[in-house]
Amino acid sequence: KALMIMRTFTVLTYNILFGKAVSVLPELCSTYKPDVVCLQEFEISVDAIAEVEKQGYYLADYSHSFFKYFRLYGLATFYNKKTLKPKDGEVITLSRSFYEMILFFFPRVNKQRTVLKTTFIHLASQAELDVYNLHLTFHGTNQTRRKQLTCTMRTIEKADKDRIIVAGDFNYPYHRKSLEKLITDNNLKEATSNLLYTLENRLLGLFRIRLKPDYILYRGFTHVETIRDENRSSDHFPLIARFSW
């Protein structure tokens with residue numbers, strides 16, 4: 001009888017609050033050993049990239065989203081060189097909300113929202129998989145976010161890949177039925193359905209606010225588990241999802 005080999009894949013997604021939580025990445029990578037790390041609100045600088053690469057993770061791609069505190073921030077996708085090899089990538093430009101259209105005239109303040117799509121080769125199996133790292137607009141309505149997601153889904157449909165991961169900050173904490181419909185209509189599943197919240201803040205320092213803006217979606221894998229790490233270096237929690245196939 002042929003021996004069936006179980007392949008595994010782990011993704012970490014984390015909004016690091018304009019670089020404030022970058023110092024905890026070594027511990028997270030050491031503990032969970034992700035194959036791919038999807039970061040939002042990451043400082044796009046040589047020093048910040050080098051800090052992550054010290055942990056054995058290499059930059060696959062990045063894009064700019066914000067100019068804040070005289071620094072550029074955006075998306076960054078890193079990968080474990082021992083398990084993956086990048087094949088190609090694409091930066092998907094998303095539509096702007098009305099507020100962001102106004103900021104269009106101040107390009108040093110606000111860049112256009114994007115999605116990072118990276119195609120990886122899984123070295124052990126030579127299988128291809130696509131990872132989408134996204135951070136949808138905060139200044140806007142769910143209608144704007146649905147448009148941005150629909151644009152992402154069109155790219156997924158066009159690529160027509162068997163194995164897909166979509167991870168990041170969706171900024172979609174309320175009226176989620178329309179989001180869930182968009183997920184199922186595009187033949188994706190949610191790996192974060194076991195989590196009731198992925199962000200925690202305190203209003204006036206007293207009232208605890210818990211929301212769920214962060215998601216991990218997938219296709220072509222078997223979902224093993226999803227963990228919300230309780231590190232509080234950011235207002236978002238690090239999310240780790242494990243898959244097999």
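These legends go with several close-up views of the predicted model.

The model is predicted, so local features are described where pLDDT is at least 70 and side-chain atom pairs at pLDDT 80 or more, while totals for chains, interfaces and linings use all residues. Residues are numbered from 1 along each chain as its sequence is written, and side-chain values use heavy atoms, with hydrogens and water left out.

**View 1. Helix H1 and its buried side.** Helices (H or I, at least four residues) and strands (E, at least two) are DSSP runs, numbered from the N terminus. Look along H1, residues 25–32, and you will find Leu25, Leu28, Cys29 and Tyr32 buried; buried means under 20% relative accessible area, exposed over 50%, and partly exposed in between (1.4 Å probe, protein chains only). These four lie on the same side of H1 because they cover an arc of only 95° around the axis, the arc being that of the directions from the helix axis to the C-beta atoms. A handy reminder: an α-helix has 3.6 residues a turn, so residues three or four places apart point the same way. The partners that the buried residues of H1 pack against include helix H2 (46–53), strand E2 (36–43) and strand E3 (57–68); contact here means heavy atoms within 4.5 Å. Just after H1 comes lysine 33, with a positive phi of about 50°.

View 2. Ala48, Ile49 and Val52 are the buried residues to look for in H2. They line one face of the helix, because seen down its axis they fall within an arc of 100°. Among the elements covering the buried residues of H2 are H1, E2, E3 and E4.

**View 3. Strand E4 and its partners.** E4 spans residues 71–80, and it is largely enclosed by the rest of the structure because eight of its ten residues are buried. E4 pairs with E2 in the antiparallel sense over six bridges, where two strands pair if DSSP finds at least two bridges between them. Cysteine 38 has threonine 77 in E4 as its bridge partner. The antiparallel pairing of E3 and E4 runs over ten bridges, with histidine 64 opposite glycine 74 in E4. E3 and E4 form a hairpin with two residues between them, and tyrosine 69 in the turn has a positive phi of about 55°.

**View 4. An open six-stranded sheet.** The strand order is E5-E6-E7-E8-E12-E9, with mixed pairing. At the edges are E5 (84–93) and E9 (189–190), each pairing on one side only. E7 (residues 127–135) and E8 (residues 164–169) run parallel and are joined by six bridges; histidine 135 stands opposite aspartate 169 in E8.

**View 5. Aspartate 235 in the loop between E13 and E14.** Aspartate 235 is buried yet has no salt bridge, and the nearest side chain of opposite charge, lysine 20, is 8.6 Å away. For charge, Lys and Arg count as positive and Asp and Glu as negative, with His and the chain ends not counted; a salt bridge is a side-chain nitrogen of Lys or Arg within 4 Å of a carboxyl oxygen of Asp or Glu. The side chain of aspartate 235 does make a polar contact with that of serine 234 (3.1 Å). A polar contact is a pair of N or O atoms within 3.5 Å; within protein, one must be able to donate a hydrogen and the other to accept it, and residues adjacent in sequence count only if both atoms are side-chain atoms.
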